Amino acid sequence: MLLIQFLNALQFSMTLFLLAVGLTIIFGLMKIVNLAHGSLYMVGAYLGLSITNYTDSFWLALVIAPILAALIGAILYSILFKHIQNADPMKQVLLTFGLIYIALDSVRLLWGTMSHSISAPNILSNSILLVNEPYPSYRLFVIAIGLIVLFILYIILEKTKIGAKVRASVDDPETAQLLKINTDKILFYTFALGCGLAGLAGITVAPILGVEPGMDMEVLVLTLIVVVVGGPGSLKGAIIGSLLIGFVDSFGKVYIPQLAQIIIYAVMALTILFKPDGLYKR
Amino acid sequence: MSLSLNNINKSFGNIKVLNNVNIQSHSRECLGIIGPNGAGKSTLFKVISGNLKQDKGDIYFNSLNINNLNINKRARLGIAQSFQKNSLFLEMTVKESIMLALSHKYKITFKMLNSLISNKAINNDAMEIAKDTGLYDYFDTKSDNLSYGLQRQLELGIAISCSPKLLLLDEPTAGMSPAETKDIIKLIKNLSAKYSIIIVEHDMDVIYELANRIYVLDRGSLIFEGDAKAVKNSELVQNKYLGI
Amino acid sequence: MHAVNNNPQLRLQLFFALLVSAIIANIFGGYFTRFFVAEIVILSIFAISLDFIASRGGMVSLGHAMFLGIGAYATAILTLNYGISPFASTFLTFIIASLIGLIIAYFIVLLDGIFFIMVTLALGEMFNSWVFTSDYLGGSDGISGIMRPDLAFIGIDTNNPLVFTFYVLLWLISIYFLLIKITDSPLGKNLDAIRQNSNRISAIGGYTKAYKAIAFSLSAGIASIAGSLYVQLNGFISPELTHWTVSGEGLIMIIVGGIGSISGAILGATVVHIVQHELSSIINWWMLVIGFGFILIVLFMKDGLWGLLEQIQKKLR
């Protein structure tokens with residue numbers, strides 16, 4: 001039973017991670033928080049829904065939906081954020097806020113207001129026996145996706161030239177600009193990547209949580225807390241923060257449902273008091 | 001007023017920026033701190049003002065150990081600073097900026113129901129300060145619309161509004177034209193009659209004109225102390241500044 | 001963060017123009033118009049509370065609907081469970097919300113602007129989910145049966161929409177002039193300065209955290225007054241009042257109106273509420289339109305409608 005809870009928490013943490021990592025890298029690089037990040041999560045899920053319905057293949061949706069989400073991110077960056085890069089960060093954040101409204105109504109216009117569901121692909125629709133307990137293999141799949149993404153991002157950030165450029169741009173944007181690390185291109189790809197990851201989170205989790213308008217904000221709040229606690233711009237902070245919040249939330253809801261929220265508040269409050277830059281400063 | 005820095009050490013990572021720096025400052029003197037680029041002047045300034053904390057060593061202000069006091073608390077003790085890069089309230093006029101700073105001197109910052117601008121006493125005090133800092137003709141000009149030189153003067157004006165016991169000036173002539181520099185030197189000279197001042201400067205001529213006593217910093221260590229004449233005649237100092 | 005802050009003359013003129021319009025609409029309008037005006041007045045109070053901390057302190061809150069909720073639910077509980085008069089409970093909720101605001105402020109008030117938005121959004125959403133699941137507060141059904149103040153002893157019937165609308169207008173007028181005073185006071189000026197350059201205020205010995213906390217606490221209290229009046233207007237409360245879209249609407253109102261002039265916030269509240277009402281009766285996708293409009297205003301009209309009025313005033317000189 002404990003193993004089941006543990007795996008559920010881990011699965012939830014991985015979902016949070018996919019969302020938080022995109023948000024935190026955008027925050028670290030562009031110094032803005034994209035409040036419409038949850039909207040991209042939602043759009044990813046809906047696009048995945050349509051692709052699955054149209055092609056009868058979840059796997060296709062799993063691949064294409066994030067790419068489409070990344071494309072939307074790329075377009076948003078090119079027509080909006082690129083041009084106001086030097087404006088007051090607050091202005092940019094307000095813009096992302098306006099995008100939430102646009103995304104929400106667009107989704108409702110295109111897909112209606114009912115909730116939908118996506119079935120997990122057949123190979124993953126069964127349960128695996130773990131220590132004599134059946135556990136849905138799809139959830140293990142979600143965990144795996146999270147870990148794979150973590151691994152890939154780690155390799156990119158730490159071992160590649162482009163990763164070094166990203167880290168440089170986060171740590172010291174002025175110097176990076178002087179060294180002609182082509183920050184604008186980096187921002188473009190990173191923003192698109194962040195949006196793509198949000199879309200990936202959406203389609204990945206859709207078979208578990210369903211697809212409905214309103215899913216954008218539910219998840220945004222916890223994601224924001226993960227970024228605040230973990231520290232903006234830090235990959236390490238994103239994974240540690242996701243695990244921390246994910247486990248507290250999951251175990252909390254099962255064992256002490258009344259207090260679960262308060263504990264998360266408390267974690268956030270303590271972080272703000274003692275480590276206002278987050279646990280891991282990039 | 002007495003300020004005492006005893007054996008101040010500060011490193012950034014592996015780089016030792018301040019090495020056993022000892023400084024004494026007394027009332028009514030204008031103390032200058034000079035040194036070539038990278039000497040540690042900025043760091044020393046920030047340690048005194050409270051923007052940075054030293055790794056080792058003590059700072060005493062009027063016999064009180066202020067090591068653990070942050071900027072707010074040091075300001076309330078009477079240590080005022082003006083910034084190297086203008087730190088103004090750009091949307092406010094000269095009058096509003098100075099009156100705002102004065103609201104702290106008059107200790108009325110928690111008052112919620114009286115208009116600040118209508119306060120006659122503060123208004124008059126603000127006019128005096130504007131006169132002292134050469135801003136009287138620009139009293140109702142928005143800070144954003146002032147020329148750079150005048151903004152530097154306002155920078156000073158805000159700093160002296162709290163009748164500080166010690167005035168810290170961080171490169172007051174930074175970025176100024178020769179004409180603007182002349183104006184500000186005259187201004188600071190007048191101020192030094194009223195306030196105890198410590199100036200950190202890069203421009204040696206400015207320091208020679210203003211300072212009674214000068215400390216010379218080089219790569220984190222104090223290499224010389226004396227008045228302007230002594231510094232000018234010191235071979236040691238001239239060698240260090242060669243090529244600058 | 002940008003805000004307007006210096007045109008007391010226009011500020012008062014705009015306020016009187018809006019006040020007179022409200023009074024005329026109230027006297028000559030029908031039942032629905034009077035209800036609508038009351039709604040606008042209450043939303044204006046909410047918008048003012050947001051405008052105050054945005055322009056004085058540079059704090060943009062996306063969670064203020066929680067204080068609306070505190071005002072509303074506290075009023076419901078105080079009047080229904082404890083028999084306290086609606087009038088007194090409005091004052092009491094002000095105190096309760098201010099205290100809660102003060103406690104929250106202690107933690108969040110020195111956070112950088114963007115962090116501040118994130119944290120207030122999170123707090124607001126958490127309050128929202130708590131309210132939705134709390135049995136004591138009626139869960140998703142909310143609470144109903146809240147009464148309006150009983151002024152029968154002076155021969156006034158607050159159930160008459162004409163009367164109640166004047167009642168809430170009185171609250172708005174009082175709050176407005178109180179905030180004008182505070183805005184022009186040393187505390188208000190220091191808060192304005194903090195928005196522009198909080199480092200300098202610290203450097204001259206200011207109690208930055210204390211000033212901001214007072215502002216936030218006051219703002220929470222004012223928002224709760226709006227909540228209290230709202231629940232008296234409608235007679236019931238549903239947890240939707242604490243949804244993030246309500247906080248968001250408030251933010252939209254002050255951006256449209258132009259942050260900083262207080263009168264602008266009232267103008268913003270009026271325009272946004274009217275537009276939203278008209279739009280939603282024609283199309284389903286009014287949020288899309290408002291989202292676009294909002295983005296356009298953020299991009300091209302940094303002083304909102306107030307900025308427009310200032311330009312007109314300049315041209316007329």
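## Packing of α9 and α11 in chain A

In this predicted model, helix α9 (residues 215-230) of chain A and helix α11 (residues 257-274) of chain A have axes that come within 9 Å and cross at roughly 35°. Axes are lines fitted to C-alpha atoms, over the stretch in contact for helices, with angles from 0 to 180 degrees between N-to-C directions. The crossing of α9(A) past α11(A) is left-handed, meaning that the near helix is turned anticlockwise from the far one by less than a right angle.

On α9(A), the contact is made by Ile225(A), Val228(A) and Val229(A); on α11(A), by Ile264(A), Val267(A), Met268(A) and Thr271(A). Contact here requires C-beta atoms, placed from the backbone, to lie within 7 Å. The residues divide into 6 nonpolar, 1 polar and no charged. Nonpolar covers Ala, Val, Leu, Ile, Met, Phe, Trp, Tyr, Cys and Pro; charged covers Asp, Glu, Lys and Arg; the others, Gly among them, are polar.

## Chain A against chain C

This interface takes 30 residues from chain A and 30 residues from chain C. On the chain A side, α4 (89-111), α9 and α11 are the elements that give two or more residues. Elements are DSSP runs numbered from the N terminus: helices (H or I) of at least four residues and strands (E) of at least two.

The most is given by α4(A), with 15 residues. The side of chain A that touches chain C has 24 nonpolar, 3 polar and 3 charged residues.

## Chain B against chain C

Here 27 residues come from chain B and 19 residues from chain C. At least two residues of the chain B side are supplied by each of α2 (71-77), β6 (79-82) and α3 (94-105) of chain B. By class, that side has 16 nonpolar, 8 polar and 3 charged residues.

## Domains of chain B

An automatic or database assignment divides chain B into domain 1 (1-78 + 167-177 + 195-244) and domain 2 (85-163). Their centres, taken over C-alpha atoms, are separated by 27 Å.

Between them, 5 residues of domain 1 of chain B are in contact with 6 residues of domain 2 of chain B. The domain 1 side has 4 nonpolar, 1 polar and no charged residues.

## Confidence and conventions

Among the elements of chain B, helix α9 (residues 235-241) has the lowest mean pLDDT (75) and α3(B) the highest (94).

Residues are numbered from 1 along each chain as its sequence is written, and chains are lettered from A and ligands numbered from 1 in the order in which they are written. Local features need pLDDT of at least 70 and side-chain atom pairs count only at pLDDT 80 or more, while totals for chains, interfaces and linings use all residues.

Note on methods. Two residues are in contact if their C-beta atoms, placed from the backbone, lie within 7 Å. pLDDT is the predictor's confidence in each residue, from 0 to 100.
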